[in-house]
Each structure stands twice: as structure tokens, then as C-alpha cells.
Amino acid sequence: MGMDDKMALSRRAFLTSACCVAAAPLMTSMTLAAAPGDKRLVTIILRGAMDGLHLVQPYEDTAFKLYRPTLAATPDNGLIDLDGFYGLNTYAKDLLPLWKRGELAFVQSVSTPYRDARSHFDGQDVLENGGVSVGEEKTGWLNRALSTIPSVHSRKAIDVNTSAELVLSGDNDVEVWSPRTDLAMKSDERSFFERLYKNDPQFAKAMADAAVTDFSADELYADEKRGAKAADVARLAAGMLMQDYRIASFSITGWDTHAGQKAAFKAPAAELTTAILTIRDTLSPAVWKDTIVVAVTEFGRTVRENGSFGTDHGTGGLAVIAGGGIDGGKVIGKWPGLDESKLLNGRDLMPTGDVRELAAAMLYRQFNISPDSLTGSIFPGLDFDRSSVYLRSV
Amino acid sequence: MSLTFSTMAALRFGTGFRPGEIPPDSVEEMLGQLDAGQRETLVFPDGGLAAGRERISDTLSGLAELTLAGKDLDAVTKRADRIRYLSGLNNLLTKDEHARFMQAVFSPNGFNERLASFWLNQFSVSTRKEGFMRLLVPVYEAEAIRPHMAGRFADLVKAAVLHPAMLIYLDQVKSFGPTSPQGIKRKAGLNENLGRELLELHTLGAGSGYTQADVRNAAYVLTGMTVDRNTYRSRYAVNMAEQGARDVFGKTYGGKVREQGDIVAMIEDLAATPETRSHICRKIAHHFLSDTPPPEVVEAMTVAWKHNDGELTAVYAAMLRHPRSWEEEGQKAKLPFDYIVSGLRALSAEEKDMRDLGFAPVKQARAEPAPNGESMMPAMALDTDSRPLDPATSRLRPNPLTVSAVARLGQPLWRPSSPAGFDDGFSTWIAGGPLADRIAWARLAAAKLGGNRDPRAFLQETLRDAARQDTIDIVSKAPNRQMGLALVLASPEFNRR
């Protein structure tokens, strides 16, 4: 404990001496690193449209195999049975222990309000802006949520990327940091750069952010080599959550499996698995209990496999929830069925839930943001209250 | 205009000052760079375009020999040999990437180079898509993008969209007319990917009013367009094409027989719409001028486009001749590639400073991890005579000032994370983490190439009248030369344009 106090003090001393006004309001939250009672949230954006029907396969729905003659698996050929109806893709099998402990849940057939055009970029825009349509909001919902979190100590967020992503972009300060970024300077050298930027507000702010985040990252990595794979990204995110950050976000790409999906799915599924397990392993057990990881994608993929043994852009998709304190071990979300008449436009899984409601529920649960804020500034026009299915079932 | 013409031309529209190189002093000189650029002998792909094409045919014959030599081997060994051979392509790509930096750094035609990068980003493809793309993407930039960027926009779209690199990247090679002879035979169907991006990214623009039906019909019209895998050239395969008339954005293509002319007509029509005009003109202005470009400049550009049948030189001229294009300097942030290129130019980098670092045993020098966690193909080396070495032993190490730096700074060469290309907005690049990465680059570049330059003189010749007084003051107070040079390269003025 004495060590922790000392560290908090030296960090404070560092901030007041070498850093600048922009970082000052954050200082008070620094000592909270020792307060594991605070809730954390990690969002993972699965870019490229993850095929939820391939990660969590409804193998008991007899139509499934007919739509996907080469892609559909069964517990007889590698699929891992979850509940007698759904099975987990073999490339995510390392998640099974989490599932068994109730620390993992899936939400099948969710989507944003984005419909019919099926563009990655627009789909991701809606997913991240939190509105109903493309470009409706110019900032990200997770950024807007920051200003409505009642506890000021929980407002610190980090975007673990080489550049900022929309979901965390906006008026509220968010650190952007990749695992390999390192300011690596003595404080006298650093002060030259701070003076270089002091009359350019945009650069001054970027430098201030860099100084604060660099300090935390240095503590996390010490002299270890820094990589940039999912494990490194997840480790940096979780390491920051062990310190004074409460929200972290990053992306996993590679889900746009238009062709040869069986093989193409392996790498991103393994990355997602590694990311979730790394977060759990990096957090202390107590903090893992207070953490929720939500992985969401811009839309699902076509129910039918296409002519090149892949799937095309669809609508209803899958969300993944993990955390030490959730009531998991189940697939929630109403299964719409695969009957031709039940498909959206005769091709896509019919969404039975709004991914924004899921996100709102997690924000409510973790940070006690009021439903008014959630349905107002954060997700304009969203239907959400305390009776949400996503609050009751996980 | 608060800065001199030549400073604005070099910083905003060019690749920065290089000592000894005279920057353009008029709009005419800038436009003259387009012609000069067309006459330049490109230094990439490594050894020139013909060499790049030759490597494709060499690799194809190498593969054929491998098949012949392996005819008695079992399927697993054959496949493994093939993968080893193809993974050697990583080293060839690394060579091309270094050559691409040299092209941008050494060319005196900065405006032309900037346009090449802009159009490459507008018509994005990625070397990550499949093995052969490592050879094909450099060739794509050299033969599809650069020769057409001073011509008609419609010709540029046709060259880019119908190039084998794009047909592979956006899965057109996997799209079959469902009732075409090949579609029936292979039980293969339509793939919408290229049809969608053609409308959304390449021409009309998102939210311009096209529908999902337009996307699908565009994909139908595109069926038949594919790649000859024996030459890696585009070809039209009528037995892959879906017959029948299709409506795309209000026009009908094809009748009983589908033909390649339908595709050309569709692209011509899409390129000629007002939606495309304003989408593309705005993107150009957004890239060069501001994240919120002056509407009057965009308007002047669209008018020039309309009066000149989409001749891009007229569109650039309209932008360059508009007084508002020369106001309010420094609103944009240099993209990482341009940041590095302008830094190397300022430091008078020579070829020896920008070469790859030679082969290294794989185990001691792991491949630079790709961003977003994508894994590299297994590394394998081809030596300078292009004889395959054992993939387990060596790979070409990238130069930390160029090829690996640009990935680290967030803009890996020839591999954007999506068909939309790299983001071009200020706040994406000037933020804590990205700025820390730029500072790290500035310090490395100053240490490696700074020599015994005087930081004050370096600031003067690098930024001229764009240098602000407070930057001049801090640079002159730097504790040592190296720090002074790094401060210049890290300064706001050097990062802005």
C-alpha cells in the first residue's frame, strides 16, 4: 500500500510539474486506482461485420444447414454445444470455461437501426454515432456518455488504437494510445515540446494527453517489448482499467468474410477470444468482477452462404458480453427463426433487439447513467428503461 | 494570402521544401508538374513498372515449375511448397514499399505526388487481400492510378475499378451471374462488394440517393469482369455474366446479351452525374484545403468539371486559381506518409538513407506486426537474384525511418483498413498517441540524418515564412542540435498544411 501511495504521489507531482492545465481535473481521480469497487466497461468494435451465425451457430434449427451447406457445423464435426440449440465456433473454444462459469453471454439477432444499404462504413457510423441514421450524430455515443456519468471518477476513457475511433470521439477528453506508443523522454526534454506547442491549442492538448497516457503505459510495460496484436491491445486496455481509467475501447478487424469464410473466420475469432481472455487475466479478480466487456459489430451477414463459400452483408447480428459479475452462460435475445418468411428481405436474420439498448443497459448498469440521458443525448430516440430485457437477463 | 505563394505551394499542395529544389512559383508551374510527372520514370515498383510486371510473370512461371516438380509429391507437401513460395512475395513487397518512398521523396513534382497519394486513397486497395496482391498493388498504382490522374475522371475510374487489383480486392473475381453458364456450373452467385463501393466510394457517394437495388444491379452489370490468373490482367468472361437489362441510378444497361460495353457505359454515366461531381470535388478540396472546405471553391471545381467533361486538370486548376484556396494556412494535418516524406526531404535524405536494411534471420527480426492485429504471412526471402531462399531463414528488414515508421504512425503503405481508405481529418492525426508517435519519429530522423546542421538554419529552409516566432525562439534555445532539429520536425507548422 505504501508503494501505491508513493506512486500516486509521484504521479501527481509529475503532472503538476511537467504537465498542463488540461490534465489538472484528472488528477483527483488518480488515487482511485486503489479503489477496485469502481465499475469498468470495455467496448470492442468488430469491424467488417462479424457473422454471428458462424460464431454462435443455431445448429438445432433444421433450416440452418440448408442455408449454409458448407459453412454450418454441428457438435459432431467441431461445433461446441452451448445449450442444445446453439453451438460455439471451434475457433473460439477457449472461451468455453468463461461460458461455464457464467462469465460470458451472447445476444443473438441484434442490430442497430441501420437498414437496407449494408455499407460497412455507414453501418459502423451508425453503430458508433448511436443515432438512427448515418451522420445523425457527429460524435460517438461512448464519448457523449462520459459527460453524463454521475461519478466524476469514472469518466476517464482510453481508445486503444493508432488513431481515434468515432465511438469515443467527441467533446469529452479521451486518450488515444496504441501499445507501441512511447514518449520515452526525460522531463527536461519533454518540457521543450510542451513549450513548442503551448501557443497552438490543438497541439497543446494532444501533448498534454500524450504525457498523461505515456506515464500510465510506462508503468504497465516497464521495459518489456511492446507488440500490437489483440493480446497487446487488450493488455494495454485492461492495464489502464487497473489504473484510473474506467472505459476502454478498441477494434478487431478481419470479419468481412465474403469468400472462404470457414478459413477466413479463424484469425478474427482467435483475436476476439484472446482479447477477452487477456482482459480477464490482466485485471485482478476483484476488478474483473466489476468489468463488463461488450463486443458489437456493424451488422450481421446473410443467412445464406454465397457463391464463394462466404457470406455477404446482412442485418441481424450477434453481440458478445463478458465479465466476472454477469449472469451469463446463456444466449439471450429472441430467436427470429430462419423460415424464409421470417427473414428480413428474404435474406437477413431479422433483428429482434437494438444493439443500442444493449449498450444503454450496460452503461446504466456500470455507471448509473439516467435513462433520460441514455434515451436523450446518448442514444437519441432509443426506447429504454429500467425494465430492459438486457438488465434483467444478464 | 498571408504566406508567400511558393511556401503555400510547397506545404499545402506539395511535399515540402527540399534544399536545392526550386518550388513552383505560379499555378501554371504547379499544373506543369502534372505533365512533368507523366514523363517521369517511376522508381517503383522496384526497377520500374515493366520490372514489376515481370515479377508477376516470373512468379507465375515459378509456381508452374513448382507444380511440375511436385507432380509426384503428396498434396500436403505440394500445398506447403506453394505457400512457401508465395510467402516470399512479402520481401518483394518490402522492396517496392521502399521504392515508393523514394519516388515521393525524390520527385521534384510534389503536387503530382500528392495527387497520386490522394487518388490511391480514393481508390483504395490493400496488399493484405491475398498473396499476389503484394505484387499487384504497386503495379496498380503505377499503371492504373498515376497515368490517369491528369485525364478525364471517367477514365481514371475505369482504369482503377477494372484493374485486377480492384477486382480482387473487392471480390469481383468471385461474383458470378447466378444463371450464367459458369454460375450454374460452379453453383456460384453474385457478390455485391464492388458494385456497392463503385456507387458509395468511387462515384456517387454515400447518401446521394442510390438504393440497395442500384447496388445489386450494378453488381449484375459488373458480372463477367474478372482476372486472368495466367497473366494477372483483367478480362471479360461472357460466360460469367448475368444476362438481361438492369437499371442503375435511373439508366438501363444491357438487353438480351450482356457485354463489356455495358460496364464501360455504366461507369461513364455514373462518373458524369452531378452527385459524383460534387462528391469527388469536395473530397479533393477536403484533402488539400480544410476539413470544412470553402463551398465556393468546391462550386468552382464542379463548374470546371462540368464544362470540361470531367477533365481533372481543369478541376485542379479551378481549385488552384481560387483565392480562397490560398487562405488560412495550416488547417489540415499532414497524413503520416506525407509527414515522413516531407521530413526526409527537409533533411535532404539520400537513397542510402532510405534503403531496406537487408536480409535478417527470421527468428531474430520478427515481421513488423500489422495494425489491427492482422498477422503477416510467414516470412520468406528472395535474394537479389530472385532465387527463393528458405522461408524459415530470412526476411527483408524495413527501414525504421520509412516503411515501418509509416505503419507505426497509423498509415501502413498500400494497406488501408477499409475500401474507404485512410481518414483525412485533422483530429484523427493530431491527438495524444499519434502526436507522441510523430515526436518519436522526429527524434529518430534528427538523430540519424540531422548531422551537424544548425537547427535555426534548418528551420528557416524547411518552413521559410511559415515558421512562427515562438517556434523560432524555442528552436534557438534547444539544448543541443539534435533536439533543435527534432523540434523543427515536430513543430505545429511542420505538421500542418
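## A walk through strands, helices and the chain contact

Strand S1 of chain A, residues 40–46, is mostly covered, with seven of its seven residues buried. Please keep in mind throughout that this is a predicted model.

What does the burial of S1(A) look like on each side? Both faces are covered: Arg40(A), Val42(A), Ile44(A) and Leu46(A) are buried on one side, and Leu41(A), Thr43(A) and Ile45(A) are buried on the other. In a regular strand, side chains alternate between the two faces of the sheet.

S1(A) is joined to strand S9 of chain A, residues 291–297, by seven bridges, and the two run parallel.

Stepping back to the whole chain, chain A has 16 helices and 12 strands. Of its 394 residues, 58% are buried. Among contacts in chain A between residues at least 6 apart in sequence, 73% join residues at least 24 apart.

**Where chain A touches chain B**

How many residues does each chain bring to the contact? Chain A supplies 52 residues and chain B supplies 49 residues. On the chain A side, the elements that give two or more residues are helix H6 (120–129), strand S7 (175–176), helix H8 (187–197), helix H9 (201–221), helix H10 (230–242), strand S8 (247–252) and helix H12 (266–282). H9(A) gives the most to this side, with eight residues. By class, the side of chain A that touches chain B has 21 nonpolar, 17 polar and 14 charged residues.

**Two helix partners for H7 in chain B**

In chain B, helix H7 (residues 133–145) packs with helix H5 (residues 89–106), and its axis also comes within 10 Å of that of helix H3 (residues 49–69). The table sets out the two pairs.

| Helix pair | Angle | Axes | Crossing |
|---|---|---|---|
| H5(B) and H7(B) | about 20° | 8 Å apart | left-handed |
| H3(B) and H7(B) | roughly 150° | within 10 Å | left-handed |

How do the helix directions compare? H5(B) and H7(B) pack at about 20°, so they are roughly parallel to each other. H3(B) and H7(B) cross at roughly 150°, which means that H3(B) is roughly antiparallel to H7(B).

Turning to the residues, Leu89(B), Asn90(B), Leu92(B), Leu93(B), Asp96(B) and Arg100(B) of H5(B) meet Arg134(B), Leu135(B) and Pro138(B) of H7(B). That contact divides into five nonpolar, one polar and three charged residues.

From H3(B), Leu49(B), Gly52(B), Arg53(B), Arg55(B), Ile56(B) and Thr59(B) meet Leu135(B), Pro138(B), Val139(B), Ala142(B) and Glu143(B) of H7(B). By class, this contact has six nonpolar, two polar and three charged residues.

Helix H17 of chain B, residues 336–346, is mostly covered, with 11 of its 11 residues buried. Among them are the charged residues Asp338(B) and Arg345(B). Just after H17(B), Ser348(B) takes a positive phi of about 50°.

Is Lys477(B) buried or partly exposed? Lys477(B) counts as partly exposed because it has 13 C-beta neighbours inside 10 Å. Lys477(B) sits in the loop between helix H23 (469–476) and helix H24 (481–490) of chain B. Its C-alpha atom is separated by 9.8 Å from that of Pro455(B), which is 22 residues away along the chain.

How values were computed
Residues are numbered from 1 along each chain as its sequence is written. Chains are lettered from A and ligands numbered from 1 in the order in which they are written. This is a predicted model: local features need pLDDT of at least 70, side-chain atom pairs count only at pLDDT 80 or more; totals for chains, interfaces and linings use all residues. Axes are lines fitted to C-alpha atoms, for helices over the stretch in contact, and angles run from 0 to 180 degrees between N-to-C directions. Helices (H or I, at least four residues) and strands (E, at least two) are DSSP runs, numbered from the N terminus. Angles under 35 degrees count as roughly parallel, over 145 as roughly antiparallel, 65 to 115 as roughly perpendicular and the rest as oblique. A crossing is left-handed if the near helix is turned anticlockwise from the far one by less than a right angle, and right-handed if clockwise. Two residues are in contact if their C-beta atoms, placed from the backbone, lie within 7 Å. A residue is buried if 20 or more other C-beta atoms lie within 10 Å of its own, exposed if 12 or fewer, and partly exposed in between; C-beta atoms are placed from the backbone. Two strands pair if DSSP finds at least two bridges between them.
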